[in-house]
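Biologist: I have a model open and want to go through the fold with you. Can we start with the overall picture and then pick out some residues?

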Amino acid sequence: MKQSVRFAVVDLETTGSSYKQGDRIIQFGCSFIQNNKVTETIEFKINPERRIAPEIEQLTGVTNEMVEKSPYFSEVAPLIAQLLDSCVFVAHNVDFDFNFLNFELEQAGYEKLQVSAIDTVILSRILLPQESAYSLQALNESMDLGLTKAHDAGEDAQATAYLLLKLINKAETLPQLTLSTLYQLAQNYPFQTDNFFDFILTKQNRAENKNHFYFEGIALKESKIIESSNYRVDKQYPQELSDKKALFENYYEVRPHQLEMMDVIHDYLISSKEEHLAMEAPSGSGKTLAYLLPALYEASEQHPVILSTYSIPLQHQLVEEDIQTLKKILPFDFSIAILKGQSHYVDLEVVVHLLRQGERDQTESVNLSKLLVWLTETNTGDLDEIINENHTHPFWKKVRSTKHHSMISSTIWAEHDFFLRSRQAASKARVIVTNHAFLAHDILSEDSILPKEGYFICDEAHHLFDYFQQVSTSEFSFYAFQNFLDQNFIEKGSFFIREQLEPANMRTKVYYQQLVSNSEYLIEESEKIQHFFTKSFNFNIEDISQGRSFQKEIQLEQLTLRTKRYLQGFSHLFLETFELFQLLLEEVLLIYPELNDESQLFIDDLYETYQRFTDYYHSYQDLNQLILNQKGSKHWISTSNHRLNDQFSIVTYQHDLFEKRIRELFKLDKLIYCSAALEGLEKYYQLYHQESTLRKIIAPSPFNYRKQTKILIPEDLLPVNAVPNKDYEEMLAHYIKMIVESTSQSILILFNSISTLENVYSLIKSDPLFDRRALFAQGIHGTRHRLIRRFRKIDQSVLLGSHSFWEGIDLPGQSLSILVVTRLPFESPQDIWHQIRSQYFTSQKDNSFYTVSLPRAKEKLKQGFGRLIRHPDDKGIMILLDDRFVYSKYSDEIQKAVPSETPIEFIADEDFSKINDFFND
Ligand SMILES: Nc1ncnc2c1ncn2[C@@H]1O[C@H](COP(=O)(O)OP(=O)(O)OP(=O)(O)O)[C@@H](O)[C@H]1O
């Protein structure tokens, strides 16, 4: 492509998405780019000679009236053809605009456009790997493309033109090797999108970023080797108020309660007492600063701070926000490492192998290209940087790191392996930020990474023991195992025997043949077992395929003699097959001493299969405890995966592993739990340790809840447990619309279940109220991260969220003033974890409703309420659409979830219009 090329960036608005079904163009927009500048933008409307549907009028702002006097397409066709002549056609989803336009041109008796076309959606996916969404609006939000009126052809075309310029600039900075590979991978992209890379490659004086090096055919970002520093803080912790004030200046307010928390934590860290500290303080009171600041003053090479929180987004929030501010105010520097489970990191060796393989489809090419661009900019190799929550393509599973570190250490990959590097960084960092799942796993691992000596801080600690339970659990799916056998032994089997094992000895072939026939037999047996289970547990496959979940505990007595016999037979055959595979692997390694590239791929494949087989083996061993009637293990049949191809799994929970983990945790020298709700914690200490070793401190609140907050409960609510779901959802929709109508504040609406959220969203989304208010729903409008960002940014928006939206998110000031709780957050009694906890505490002779269900609902409600007030100047109303809060036998107890000073009022429908008065007082 010539450097003097003129890009015509086009956007069309149409009556609908299908020209084949008679849809027509109603607006044409085009921006021209030459010599790296947008030179001109034109826009005009076109009479489509048919009615424009109201929703299209609403979406595009182009009405029937507007186009009545506009020219027909046949009249503007020569102009369009002339404008686009000898340009390169560019569009955001070029498939749509290019084909639509060509169809209309042909219909009008003109020739199709004889120009190249390139697509900015694909280019954005590749060149902007860290974006979480690629619609023009999403990119405009994060990159500021100047788009103020989306779905206006002129504005969209211009925004796409600015996007193209940014893409060109970004591509220019890439290493030559990466660009050449991208060009090769682009060969099967739609239209001539590959020409874009040719255009960049032939540019003179590219502004290539030199901060990279080449390794095994890929370009990686040059990373700093973390040296073990002689870090020592010779600064003393600021004991005096004046010292703290001086430190906080320009960054933090002086909040007396917070300073007290800090001093308590500091005293604890330097004391020699053998105890753990539980710091319960209201949400939003500023716990993060209160524990981090003293801990950083005390951290040393031998005693780093190990900070664990409950989710990955919170891990990032801590590092990217809280710790960054502390870096600015503290008079010393400190190193930080984020530590996550191994599968979060990319496996470079797999990437290189995938690149060397010839055949791939378009999705794989785009994903691989995106990965290569990201490798030139990532310091961490943490795939969370590029994979948003909805990324389910198998490609992303393939490139995750899974090999045991001992298998990598002795290879050429060791030096650049991201997981090994993260371990190394953690061993040298002053602050290790991890998550509860990692901590729970690591604490009992033979291969533990986290130091045992250090200052352990568990934030959102009320979740910690849930993770201890979860990692003491495994899951075995017969269906997934069948697939594994089918794909790896039966399908690949004959090919391997014929092609790869050709030079092999007879024994290897016999092993493989035996493996194939064992697999066939295992699949047959597995089918039967699934059948018996399905019958014994009386669940309906149709329900499952429709995503309805089913979870039930399995008792050995419930299984028929036949099922038990089949399970035993299956176990023997499973073991035999696993051993056979180990023999085969050993044999293959012996006969391939000199590896060429191809046989190396074969061996890698076998290794990967071995690893997956080992995982199945372990989870099956756990399941096997069912037949052995092993004490301490519990088994559930579960269809909670909501996946057709995973019809049911057997979940095994091992209580002894859970207890071992707890005991290990209790051995730690310095451990601080922080949360707004630590009610359940002492119970564990009473059960597993001596009570005296936990010191609990309840920090007072810095907020004036009487003035700052209020709870409203509508007078005429339907009883949530006594009405059909549909009526309940309609009631929610009714109140939500009323609330949205009566206030211009931003509103967060919390649900207990995703399906209720989705149904209520469907009921309200088309209401004209949302023509002027942004409405976002979890699972529908992008990732959690993005939803929160948009909610914070857009005034008066309404956000529907469940689960993780109840806690952790920081929405200070105006970004949240009204919180709607649709239902008291009791866990579903069906939930496996709920059942485990209930049974556990019931076996301790407690009533599980009062020891498990209610405290947990209180904890969650407390967290939800905590979203409202994040600052002494904030004001917020919680509207509760569940009157069990006041009319139930446990109402006194559940009300303790909110501060006692918060006024609770009933509200009649006609008084909703006065909600706003609270904010004006
Ligand atoms: N001294 C301070 N001055 C100004 N802002 C502060 C101060 N301390 C904390 N904040 C801010 O107050 C908000 C709440 O702080 P933080 O997230 O630490 O609360 P928290 O107690 O951990 O709440 P939650 O339990 O809900 O997570 C954050 O936006 C934080 O930056």
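Predicted model: local features only at pLDDT ≥ 70, side-chain atom pairs only at ≥ 80, totals over all residues.

Biologist: How many helices and strands in the protein chain?

Modeller: There are 35 helices and 25 strands. Both are DSSP runs numbered from the N terminus: helices are H or I with at least four residues, strands are E with at least two.

Biologist: And what is the radius of gyration?

Modeller: The value is 31 Å, close to the 29 Å that the globule rule gives for 921 residues, so the protein chain is as compact as a globular protein of that length. The radius is taken over C-alpha atoms, and the rule is 2.2 Å times the number of residues to the power 0.38. Along its principal axes, the C-alpha trace spans about 90 × 85 × 65 Å.

Biologist: What percentage of the residues is buried?

Modeller: Of the 921 residues, 55% count as buried. Buried means under 20% relative accessible area, exposed over 50%, and partly exposed in between, with a 1.4 Å probe and protein chains only.

Biologist: What share of the contacts joins residues at least 24 apart?

Modeller: Among contacts between residues at least 6 apart in sequence, the share is 76%. Contact here means heavy atoms within 4.5 Å.

Biologist: On to the inside. Which residues have the most contacts in the largest nonpolar core?

Modeller: Leu127, Phe196 and Tyr673, in a core of 108 residues. Helix 7 (residues 153-172) gives the most to this core, with eight residues. A second, separate core has 69 residues, including Ile713 and Phe912. By nonpolar core I mean a set of buried Ala, Val, Leu, Ile, Met, Phe, Trp, Tyr and Cys residues joined through side-chain atoms within 4.5 Å.

Biologist: What is phenylalanine 196 in contact with?

Modeller: Leaving aside neighbours within four places in sequence, phenylalanine 196 is in contact with Met1, Ile118, Leu123, Leu127, Leu164, Leu167, Ile168 and Ala171.

Biologist: Take isoleucine 118 from that list. Where is isoleucine 118, and is it buried or exposed?

Modeller: Isoleucine 118 sits in strand 5 (residues 117-119) and is buried, at 1% relative accessible area. Beyond four places in sequence, its contacts include Phe7, Val88, Gln192 and Phe196. Isoleucine 118 and leucine 164 are 46 residues apart in sequence and 10 Å apart in space, C-alpha to C-alpha.

Biologist: Backbone next. What is the phi of asparagine 36?

Modeller: Positive, about 65°, although asparagine 36 is not a glycine. Asparagine 36 is in the loop between strand 2 (25-34) and strand 3 (37-45), and is partly exposed at 38% relative accessible area.

Biologist: What about phi at phenylalanine 191?

Modeller: Phenylalanine 191 has a positive phi of about 55°, and is not a glycine either. The loop holding phenylalanine 191 runs between helix 8 (176-185) and helix 9 (194-201), and the residue is partly exposed at 26% relative accessibility.

Biologist: Last one. Where is phenylalanine 533?

Modeller: In helix 22 (residues 506-536), buried with a relative accessible area of 0%.

Terms used:
Residues numbered from 1 in each chain as written. Heavy atoms only, no water.
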